[in-house]
There are 2 protein chains.
Amino acid sequence: MNKTLAEILTIGDEILYGQITDTNSQWMSQELDELGIRVVRKTTVGDNEEDILTAFAEAETRAGLVLITGGLGPTNDDLTMPMLAKYFDSEIIKNQAVEDHVREFFESRGREFTEMNKRQALVPKMATVLHNALGTAPGTWYERAGKVFVSMPGVPHEMKYLMKEEVLPKVREFFHTPVIYHRLIKTVGIGESFLADKIKEWEDKLPAHIKLAYLPSIGHVKLRLTATGDDRKKLASEVQELIDQALPIMGKYVYGYGNTTLEEAIGQMLLERGQTIALAESCTGGYVQHKLTSIAGSSAYFQGGVVPYHNDFKMDLIGVKTETLEAHGAVSEETVREMAEGVRKKFKADIGAATSGIAGPGGGSEEKPVGTVWIAYADGEQTIAKKLQLTQNRKLNIELSQISVLNLVRKSLRS
Amino acid sequence: MNKTLAEILTIGDEILYGQITDTNSQWMSQELDELGIRVVRKTTVGDNEEDILTAFAEAETRAGLVLITGGLGPTNDDLTMPMLAKYFDSEIIKNQAVEDHVREFFESRGREFTEMNKRQALVPKMATVLHNALGTAPGTWYERAGKVFVSMPGVPHEMKYLMKEEVLPKVREFFHTPVIYHRLIKTVGIGESFLADKIKEWEDKLPAHIKLAYLPSIGHVKLRLTATGDDRKKLASEVQELIDQALPIMGKYVYGYGNTTLEEAIGQMLLERGQTIALAESCTGGYVQHKLTSIAGSSAYFQGGVVPYHNDFKMDLIGVKTETLEAHGAVSEETVREMAEGVRKKFKADIGAATSGIAGPGGGSEEKPVGTVWIAYADGEQTIAKKLQLTQNRKLNIELSQISVLNLVRKSLRS
């Protein structure tokens, strides 16, 4: 099977001059990768006729599929559409469907439909127009000698919509790409190499048409299984069977699949159990509560919490004993246990969780250096505390503590 | 003055396949832009000999300066160094200074210095070696026929170090770039077009060698003044004079300069005044406290706070009156005022601040639709409350509420 090669071409001075971050091309690469299409080059050029035409010609020599974003606004420095017309030697015509859509788009928002807006409906005659329901600049599709050019707006959500709804299905059909089925398994609490070690035997036995990739990020490792074949349903069930085989070995690190986040997974577990949670955060300063409350519907299980940054409030608000603080200090097993138990009671929650640590850069001592963090979980029956020895970096320590305490909650709920 | 043109060339399969986000090239563009050097193209190719050599040749036809990142590891799929040797027809030799540095780098970290690591010291003979104090892959600099190629590692902090310490000073000298002086002015609480309107007269009178750019982001607008000339000190004082002229018009929106964040600016104001702060967050769920405590040294002025997600705790913890909640509801001016006043007292702080709102997507009503948010500031002498009517998007509402309440604190401290 001959692999289709692609080039991603981004047009716009604002990318060249570093005024905006290009996140589009990474997303497009991933989507193409999932179809088994290999990106061989990414190119960015400015709003300049000659540079755009040269980039078109170069891309056509290298790739069977050229995906172009940007340069589609209605103003004079937006050159993509006229350059495509020139490159494919096709006259520019008005597309009535696009004009109607653009008029409707402006009028339904109570904005005036101007002569300038009308220009968005001017497209090369040879192009197949791809409907952009989320914006005014249409996508366009060009075929010549077995090769395909596609032009899309650079606005990320419009580009993604066009890719998913229009471009990828057409690409699949045109290039007869094999069926590719992906599954993401999300793990926490284990490093990449340790995880690889644990599942080595399972990984070694994966069939040739199913590949495994490790995608690590701070505190997390994602596993991606990619199956290639011609029957999606069959691939899905093969992948599920493989996951079922691996779960007895790595299940305790798995918190979800696909785009699920750790805080969503915990929210889901709490909802299913009909339980509530409260937080007492010292070194994480409210970050764990922020994560939990970012999820829509979290008020069903999140009762509230405190950030007792100073010791007085650890005693006053959630009943940590003066003797405990005096004997062991704020960053100690004893204190963090009382914090978790105390916040649970105070907020009448089923579960209490707590963090106390030295995020740095100041505040460390020989006995308790920067990066020393205690986390705890309490549910009325048991209290579990855990010590972390993290880094010298304040922001990283806050991030890792947040993930660790949520993971402690997850593991405790699970067992 | 002939403008120097540059190309940024990124080498690595992991970028092509979308496994990592390329943030390097945006940063490099900005740095070059500050020197008055224009990037005319960005290119990414994979770990493939032919593609790399072609990209070198193409870049040389277009640009006087070619900045290359990536492909410098010691393994066999790292091809940048051998391809540069081939392209410039220069034999590869061992650079003793690099080998000594790499040995020291590993040994001082208690790691073994292997044969593989030694390869990092192999560089083309014609290259000027640029010392990478933060890593093991050196930078290299090539001159031929008035053009310059520079190779750097792709690890962002190593690349940035090499750019700042080695590459940019050499580029400045080689291309005789003019002196460019930049100043960033950070504003909050006013939209881009309103700000532009306010300072129009001042902007119209800017001298030709000083340019103004508007850089908007969520809730904030940065203004960048760029002065071009030959005397840095003179430019700096001209820019300062212009800022001083603008401050009477826009001063109340300005919270800082350069990289200062809003939470840092507030921390600095509190430190200077010897004052402390406490937070009661409902709809922001701990996010404001997280922002404040991300700053090193914040324990000097942040006392702590609460997230009374459920109404019971608004009464119980910070003394919001039952009658107030019953008469006006949680999302109301009366409640948010009592929250700010109550948390101030509870945490013995000089300043209390509070948020209460409907972040969405659920919980809205006709009277109080999703996006209705109340924020408040209290300092014992006065309490100020403000209503915000935000969006349908939960995350955006949380972000905007956080910025707005911090800005309310900033403005109140300022007056």
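The model is predicted: local features need pLDDT of at least 70, side-chain atom pairs count only at pLDDT 80 or more, and totals for chains, interfaces and linings use all residues. Residues are numbered from 1 along each chain as its sequence is written, and chains are lettered from A and ligands numbered from 1 in the order in which they are written.

**The sheet.** An open sheet of mixed pairing has 10 strands, in the order S17(A)-S16(A)-S15(A)-S13(A)-S14(A)-S14(B)-S13(B)-S15(B)-S16(B)-S17(B). Strands are DSSP runs (E, at least two residues), as are helices (H or I, at least four), numbered from the N terminus. Two strands pair if DSSP finds at least two bridges between them. S17 (383-389) of chain A and S17 (383-389) of chain B are the edges; each has a single partner strand, so one side of each lacks a neighbour in the sheet.

Two pairings are listed here.

**The chain contact.** Chain A gives 46 residues and chain B gives 46 residues (contact: C-beta atoms, placed from the backbone, within 7 Å). S2(A) gives the most to the side of chain A that touches chain B, with seven residues. That side has 18 nonpolar, 22 polar and six charged residues. Here Ala, Val, Leu, Ile, Met, Phe, Trp, Tyr, Cys and Pro count as nonpolar, Asp, Glu, Lys and Arg as charged, and the others, Gly among them, as polar.

Terms used: Contact = placed C-beta atoms within 7 Å.
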